[in-house]
Amino acid sequence: MTKIDEVKAKVEAGKAKLLPGLVQEALDEGNSAGDILQSMIDSMGIVGDKFSAGEVFVPEMLMAAKAMAKGVDVLKPHLTGTSTSSLGTCVIGTVQGDLHDIGKNLVTMMLESVGFKMIDLGVDVSTEKFMNAIKENENVNLVACSGLLTTTMSAMKETVHALKTCGLTGFKVMVGGAPVTQEMADEIGADGFAPDAGGAAVKAKELVKA
Ligand code: B1M
């Protein structure tokens with residue numbers, strides 16, 4: 001078994017304590033941070049499929065998520081650049097009713113690395129909380145909403161609608177997350193969509209420079 005396969009297997013098995021050491025060993029062996037990250041994302045896909053099939057349950061999903069977070073901590077310095085330019089301030093959060101944060105955290109990391117100051121509101125973020133963050137922080141030029149559940153897509157729609165019609169100006173709204181598509185983003189009036197964290201950094205730059 002290669003070190004990268006071991007990382008993948010231990011994320012799936014939810015072995016959080018083993019992950020930092022294994023990820024470091026995979027890096028030391030010359031694997032790229034991007035490849036290691038992808039192996040962990042693939043693992044979460046497998047866990048999700050097993051959950052759908054009734055082979056694992058919420059506690060196992062949670063343990064896998066914790067293991068991945070530990071692995072990402074080790075990868076962080078290898079994934080992020082050292083941008084000195086300031087692109088502005090981005091308020092980010094997972095929409096109301098949704099507790100998934102791994103994808104949102106990866107997007108946060110990538111946006112930070114291209115030069116955004118990030119205000120991370122966490123998970124289960126109400127529309128009101130997004131709005132207060134725009135008012136309370138200077139130069140907010142981007143709001144990023146993440147969502148993983150089909151059942152919280154209505155919350156995303158409500159939040160985007162409220163942000164676009166509340167009278168506050170000077171920012172663009174970007175959406176993303178597994179169930180989100182470009183078509184849906186257009187339909188709910190978002191300014192931008194990205195399918196993954198790398199794409200989110202590219203789209204964010206594009207949006208604030210437009
Ligand atoms: Co949940 N869960 N979960 N879960 N969970 C999914 C999402 C699910 C697909 C699993 C399945 O059934 N196959 C399913 C949703 C089905 C649906 O809606 N159609 C599901 C379910 C049903 C649930 C519960 C309802 C289960 C229950 O209680 N019965 C429950 C809901 C709780 C809630 O939120 N209210 C629940 C709970 C949980 C845990 C808490 C146990 C845990 C989350 C822990 C955490 O996040 N800290 C969890 C996990 C781990 C998963 C899976 C297995 C993995 C998610 C993940 O982290 N993926 C997931 C299955 C799957 O994804 N295949 C599943 C890795 C991550 C890197 O990918 O978040 O997609 P992702 O982010 C990507 C892109 O989407 C994108 O960039 C990232 C990668 O580069 N992206 C953006 C994300 N946000 C973006 C924002 C952007 C742009 C791009 O711009 C703003």
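1. Basis of the values. The model is predicted: local features need pLDDT of at least 70, side-chain atom pairs count only at pLDDT 80 or more, and totals for chains, interfaces and linings use all residues. Residues are numbered from 1 along each chain as its sequence is written, and side-chain values use heavy atoms, with hydrogens and water left out.

2. Cobalt site. His100 is the only protein donor of the cobalt atom of the ligand, through NE2 at 2.2 Å. Donors are N, O and S atoms within 2.8 Å of the metal (3.2 Å for Na, K and Ca); water is not among the atoms, so sites may look incomplete. His100 is found in the loop between strand E1 (88-94) and helix H5 (102-114). Helices (H or I, at least four residues) and strands (E, at least two) are DSSP runs, numbered from the N terminus.

3. Annotated region. An unreviewed UniProt entry lists residues 87-210 as "domain: B12-binding"; such annotations may be inferred rather than shown by experiment. Over residues 87-210 the chain is 45% helix and 21% strand, with the end C-alpha atoms 12 Å apart.

4. Domain division. The chain is divided into domain 1 (3-82) and domain 2 (88-209), with bounds from an automatic or database domain assignment. Their C-alpha centres lie 25 Å apart. Domain 1 gives 10 residues to the contact and domain 2 gives six residues, contact meaning heavy atoms within 4.5 Å.

5. Domain interface. About 640 Å² is buried between domain 1 and domain 2, and carbon and sulfur atoms give 83% of that area. Buried area is the accessible area (1.4 Å probe) that two parts lose on being put together, summed over both. Lys76, Leu79 and Thr80 supply 43% of the area that domain 1 buries against domain 2, more than any other three residues. Between the two domains the count is zero salt bridges. On the side of domain 1 that touches domain 2, helix H3 (33-52) and helix H4 (58-79) are the elements that give two or more residues; H4 gives the most, with five residues.

6. Salt bridges. The whole structure holds six salt bridges, each defined as a side-chain nitrogen of Lys or Arg within 4 Å of a carboxyl oxygen of Asp or Glu. Glu25 forms a salt bridge with Lys3, with the closest N and O atoms 2.8 Å apart. This pair links distant parts of the chain, Glu25 being in helix H2 (residues 19-28) and Lys3 in helix H1 (residues 3-12), 22 residues apart.

7. Surroundings of Lys203. Lys203 is found in helix H9 (residues 197-209). Residues up to four places away in sequence aside, Lys203 touches Met174, Gly192, Phe193 and Ala194.
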